[in-house]
Every structure is written in C-alpha cells, then in structure tokens.
Amino acid sequence: MNDMLELLTSLGTAVIHLLIQPYYYIALIFIALYYRRQVALERKLIHVKQHSWGAETWRTIWSGLMMGLLVSLAAVALGISLPPDAVICIWIVSLILMLFRVRYLCFAYSIGLLGIMQFIFSFFPDALQDGTAGRLVTALREMDIPALLVLAALLHLAEALLARWQGARLATPLFLAGKRGKVVGGYQLEAFWPLPLFLLIPSGTGISDLPWQPLLGGGLGLVSLPVIIGFSEMTQSLLPGRKAARTAGRLLAYSTLLLGVSLLAAWWSPLTLVAALLALLLHEGLSWYSALEERSTSPSFVHPPVGRKVLAVLPGSPAQELGILPGEVLLKVNGVLLTDAAQLHEALRMNPAYCKLEVQNREGESKYLQRPIYDGDHHQLGMILVPEPDEAVTAEAKPSSIFGIIGMKTGTRTRRRTLSAGGLQRANSAPSQPSQPDLTKQEPAEG
C-alpha cells in the first residue's frame with residue numbers, strides 16, 4: 001500500500017514537472033502552427049479550407065494524451081527507466097534533427113542516434129566530465145538504450161494505430177506537377193501527435209524498488225517525457241484510406257521487429273548498437289521505399305476522357321450528403337455529359353434550384369443522385385475535382401520543413417502562361433522565338 005501511495009505521489013510530481021517545463025508546450029505550438037499552415041495550403045489550392053486548424057489541434061491533443069497514457073502504462077509495467085537529465089538530451093537531439101527535416105522529429109531517430117553516441121563515448125571514458133556538457137554526457141552514459149528503443153517500438157505501435165484510425169481524414173488534396181509537365185491530383189497525409197509520457201527513474205539512485213519484478217528494471221519513481229510522434233506520406237496513386245492502411249501496416253511491422261531486437265539487446269548488450277542502427281536505417285528505409293513506390297506507379301487522379309474525377313469532398317457539403325466519395329467520376333449533371341470543368345458550372349446553372357447527377361462509383365457502376373440546391377451551397381456542391389492538366393497553381397511534392405511551418409509558407413508554385421502557335425501553353429514549354437523574353441521559368445515558392 002505504501003509503495004502504491006509513493007508511486008502515485010511521484011506521478012503527481014511528474015505531472016507538475018510536465019506542466020512547468022517548456023517541452024510539452026513547444027510540441028503544442030508546433031502542431032498548432034502546422035495545422036494553420038495546412039489550412040493556408042488548402043485555401044491556396046482549392047480556395048476553401050477542408051480542415052479546421054483549431055479542431056485538428058484539439059483532436060491531436062486529446063488523442064495524443066490518451067495514447068500517451070496507454071504507452072506510459074506499458075512502459076511502467078516493463079520497467080523502462082530514464083534519468084531526469086536524459087530528458088534534456090533527448091529533446092536537444094530531437095530539436096536539432098527537426099531543423100533538417102520535420103519527419104526526423106521522431107523518437108526512433110533520437111534514441112537511435114543517442115545509442116550510437118553512447119557507443120562512441122564508451123571508447124572515451126574520461127571525455128567531458130565537467131560542466132554542463134559533462135552533465136549531459138554523464139546522462140547519456142547512464143541511459144538504458146535498449147529499454148528506450150523498446151519505448152520507441154511502443155511509440156511506433158501507437159503511431160500505427162493512430163495512422164490507421166485518423167490517417168484518412170487528415171489527407172489534404174494536392175495539385176502536383178506530373179512527370180510529363182501535366183498537373184495531377186494527389187494527397188498529403190501528414191500528422192503529428194504530442195504524447196506526455198511518464199517513465200520510471202532508474203533504481204539504485206536513492207529510489208526504492210518496484211513492488212513487482214519488471215522486465216527492464218526501474219525504480220519506484222516517475223519522470224515526465226513529452227514526445228511528438230507522427231508520419232508523413234504523399235501519394236498520387238492511392239486513396240487516403242488505402243494509403244493510411246498500408247502505412248499503418250508497415251509501421252506495425254517495423255515496431256514489432258524493433259521491439260524484438262531491442263528486447264534481445266536488453267538481454268545481451270552487444271546487440272544495442274545493432275538495435276540503434278536498425279531503428280534509424282529501417283525507419284529511413286520505409287520512407288525511401290514509399291517514395292520509390294510512388295515514383296514507379298502511374299498517377300491515378302487524372303480525368304478520364306468522359307466525366308470529371310472527384311479528388312475530395314468537403315465535410316458537411318451537399319456532395320457528402322449525397323454520398324459522393326473521392327475517386328468517383330461525375331459523368332452527367334442535369335443530363336449534360338461532362339468533358340471539361342467549365343461544363344460543370346454551366347450544367348448546374350441550367351437549373352439553379354435542383355440538380356440531377358449521374359456518378360460512376362469506384363467499381364465502375366453508375367448511381368443516380370438528386371438534391372435541391374440552396375443559397376450558400378458550394379458552387380461545385382462541395383466536390384473538389386482532380387485538377388485540369390494545365391492547372392495554374394501546384395504544390396511541391398516534398399515534406400514540410402520547420403521553417404516553412406513557422407513562416408506559414410505553403411510551398412505552392414504558380415505556372416505562368418505564354419503564347420505560342422498552338423495557343424496558350426504552360427510555362428514549361430519553350431518560347432517560339434529566341435528574341436522573346438523568357439517566360440518559361442517558374443515563380444519561386446510562395447509564402
């Protein structure tokens with residue numbers, strides 16, 4: 001009974017430390033800025049916001065809190081421990097990695113790199129023993145890297161569950177420059193969750209032993225460690241639901257393999273370096289393989305010869321009420337067979353109070369829909385169509401950067417038009433006369 005009371009008291013102290021230290025608030029500010037930038041990107045590309053940055057921020061907070069508590073329970077049961085000074089080491093490494101790429105803000109990268117650093121410092125036992133640097137190096141030496149890699153595996157298991165659960169609804173429709181200069185549709189699936197973790201303090205440092213026999217040690221005391229988990233994917237070939245499911249499956253396989261190797265490293269320490277390298281290289285390999293997979297697959301979100309393909313449907317819109325789904329093809333509107341985007345507006349104006357639609361579903365079967373049109377309805381009934389091949393504004397097909405998120409830079413590009421013998425062409429065509437000014441260059445990325 002006294003042990004449990006002591007553990008609860010330590011939990012209360014850890015919660016207070018979580019609330020007064022800056023790391024958790026840094027995570028919340030970063031996530032709020034990210035979703036504000038996402039809304040800015042949607043307004044730039046589709047001229048309307050599909051997500052609410054406030055609602056998305058709140059959703060990530062409560063789902064991250066719930067998942068953080070579950071991971072903390074598993075970590076305490078296993079006996080995963082962390083010296084208080086090591087929290088500073090982990091966050092320093094995480095923030096430095098984030099400056100290179102936002103997706104490096106990942107516990108597997110941080111702990112994997114710290115494991116490699118610990119291995120290197122083992123050859124220099126007398127290096128950096130004084131001052132702040134000596135304190136951090138001492139904390140690094142005392143880290144139980146195998147146990148923390150087990151924690152990384154648990155966090156990626158949580159990430160896989162969140163990606164499967166929320167990944168599809170997080171998708172942002174994109175207009176992307178294709179391989180042949182034509183614009184195609186796609187999606188960006190990128191999300192981050194702040195997880196407040198509570199880990200045990202290593203036993204033997206004035207801390208009583210746990211009342212049960214843990215697998216990885218740990219003493220009767222808790223320390224708080226806020227972390228950010230997340231994933232970043234871009235696809236031109238799969239619907240968001242299928243892409244999120246595929247990503248979740250790969251994350252699950254990665255977390256299972258990392259968990260097994262890390263537990264073996266906890267039993268046999270020479271495997272620690274192997275586990276640390278696996279955490280880094282296999283995670284990076286998953287990102288590389290996903291990008292290779294997209295490059296080798298033909299884009300799916302282009303218009304067929306007849307009809308206009310739907311890229312996204314706005315929440316609460318008439319199209320959502322009618323049951324129209326992304327990936328379906330709008331064939332006819334009020335009896336008019338669609339062959340270009342302008343016909344959609346003309347066909348809807350034929351009867352401004354009512355519309356009849358013929359839609360081809362993902363299986364190739366037709367369905368017939370009808371609905372009144374009210375004042376204030378979206379001019380396309382809430383459907384975001386696949387871009388035309390000569391769309392003016394496109395997004396960059398690359399992950400977000402921390403500087404772009406802070407500066408609210410959407411990363412969009414405007415493709416200029418130029419006149420030629422064949423009519424209007426996009427900026428990627430060469431000028432017809434050498435004496436004409438060069439209008440073929442793209443404008444720089446917009447903020």
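**Figure 1. The loop that holds His47, between α2 and α3.** His47 is found in the loop between α2 and α3, where helices (H or I, at least four residues) and strands (E, at least two) are DSSP runs, numbered from the N terminus. The model shown is predicted, so local features need pLDDT of at least 70 and side-chain atom pairs count only at pLDDT 80 or more, while totals for chains, interfaces and linings use all residues. Residues are numbered from 1 along each chain as its sequence is written, and side-chain values use heavy atoms, with hydrogens and water left out. Most residues other than glycine have a negative phi. His47, although it is not a glycine, has a positive phi of about 65°. Is His47 buried or exposed? His47 counts as exposed, because its relative accessibility is 65%; buried means under 20% relative accessible area, exposed over 50%, and partly exposed in between (1.4 Å probe, protein chains only).

**Figure 2. The packing of helices α2 and α3.** Helix α2 (residues 23-46) and helix α3 (residues 53-78) pack at an angle of about 145°, with their axes 9 Å apart; axes are lines fitted to C-alpha atoms, for helices over the stretch in contact, and angles run from 0 to 180 degrees between N-to-C directions. Their crossing is right-handed, a crossing being left-handed if the near helix is turned anticlockwise from the far one by less than a right angle, and right-handed if clockwise. Residues of α2 including Tyr24, Leu28 and Ile31 meet residues of α3 including Trp53, Glu56 and Thr57, contact meaning heavy atoms within 4.5 Å. The residues of this contact of α2 with α3 divide into eight nonpolar, two polar and three charged, where Ala, Val, Leu, Ile, Met, Phe, Trp, Tyr, Cys and Pro count as nonpolar, Asp, Glu, Lys and Arg as charged, and the others, Gly among them, as polar.

Figure 3. Gln38 has its place in helix α2 and is buried, because its relative accessible area is 4%. Which residues does Gln38 touch, not counting residues up to four places away in sequence? Gln38 touches His51, Leu170 and Thr172. Arg169 is placed in the loop between α7 (145-166) and β1 (172-177), and, leaving aside its neighbours within four places in sequence, Arg169 is in contact with His51, Glu56 and Arg59. Arg169 and Ala244 are 75 residues apart in sequence, but their C-alpha atoms are 9.5 Å apart in space.

**Figure 4. Helix α4 and its contact with α5.** The buried residues of helix α4 (residues 84-100) include Ala86, Val87, Cys89, Ile90 and Trp91, and what covers the buried residues of α4 includes α2, α5 (107-121), α6 (131-142), β3 (222-235) and α12 (402-406). The axes of α4 and α5 come within 9 Å and cross at roughly 115°, in a crossing that is right-handed. Ile90, Val93, Ser94 and Leu97 of α4 make this contact with α5 residues that include Phe107, Tyr109 and Ser110. The residues of the contact of α4 with α5 divide into eight nonpolar, two polar and no charged.

**Figure 5. Phe30 in the largest nonpolar core.** The largest nonpolar core has 94 residues, and those with the most contacts inside it are Phe30, Leu151 and Leu225; a nonpolar core is a set of buried Ala, Val, Leu, Ile, Met, Phe, Trp, Tyr and Cys residues joined through side-chain atoms within 4.5 Å. Helix α7 gives the most to this core, with 13 residues. Leaving aside neighbours within four places in sequence, Phe30 is in contact with Met98, Val102, Leu105, Phe192, Ile228, Ile402 and Ile405.

Figure 6. Leu314 and Gly382 are 68 residues apart in sequence and 5.1 Å apart in space, C-alpha to C-alpha. When its neighbours within four places in sequence are left aside, the contacts of Leu314 include Val48, Lys49, His378 and Ile384. Asn334 is placed in the loop between β5 (329-333) and β6 (336-337), where it has a positive phi of about 50° although it is not a glycine.
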